[in-house]
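Hello,

Here is the structure we talked about handing over. Please open it first; my notes follow below.

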Amino acid sequence: NVGGFFSIMKKPMIDVAYDILKEKNKALVFLNLWEEVSQIMGFTKQQEEDNIAQFYSDLSLDDRFVNLKDNK
């Protein structure tokens, strides 16, 4: 279970997002990226709701990411 592996490691959500985007080598719509991060992290629906605002904030503050049009 990949999600369990990352959860045990306590890898930050933002680093998981970076790994996803680096592997795909293309822009993703925010909610699609969040869904992938949540799945890898092994979040429950409640954890997704509790963490989405923090993830959005981290994403906007981390200079490895650029906000593109259409919420990508």
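Which helix is Glu48 found in? Glu48 belongs to α4, which runs over residues 45-61. Keep in mind that this is a predicted model.

**Helix α4**

Glu48 has a relative accessible area of 18%, so it counts as buried under the 20% cut-off. Leaving aside residues up to four places away in sequence, Glu48 touches Trp34, Ser38 and Phe43. Phe55 and Leu59 are buried in α4 as well. The cover over the buried residues of α4 includes α2 (13-24) and α3 (30-41).

The length of α4 checks out. Its 17 residues, at 1.5 Å a residue, should span 24 Å, and the end C-alpha atoms lie 25 Å apart, which agrees. There is a bend of about 40° in α4, at Asn51.

**Salt bridges**

How many salt bridges does the structure hold? The count is 5. Among them is Arg64 with Asp15, where the closest N and O atoms are 2.9 Å apart. That pair links distant parts of the chain: Arg64 sits in the segment after α4 and Asp15 in helix α2, 49 residues apart. Arg64 is partly exposed at 36% relative accessible area. Asp15 is also partly exposed, at 24%.

Arg64 forms a salt bridge with Asp62 too, with closest N and O atoms 2.8 Å apart. Shared partners join Asp15, Asp62 and Arg64 into one network. Asp62 is buried, at 17%.

Glu36 and Lys24 form another salt bridge, 3.5 Å from N to O. This one connects helix α3, which holds Glu36, to helix α2, which holds Lys24.

Best wishes

Definitions and conventions:
Residues numbered from 1 in each chain as written. Predicted model: local features only at pLDDT ≥ 70, side-chain atom pairs only at ≥ 80, totals over all residues. Heavy atoms only, no water. Helix = DSSP H or I, 4+ residues; strand = E, 2+ residues; numbered from the N terminus. Buried < 20%, exposed > 50% of the residue type's maximum accessible area, 1.4 Å probe, protein only. Contact = heavy atoms within 4.5 Å. Expected span 1.5 Å × (residues − 1). Bend = angle between axes of the 7 residues up to and from the residue. Salt bridge = Lys/Arg side-chain N within 4 Å of Asp/Glu carboxyl O.
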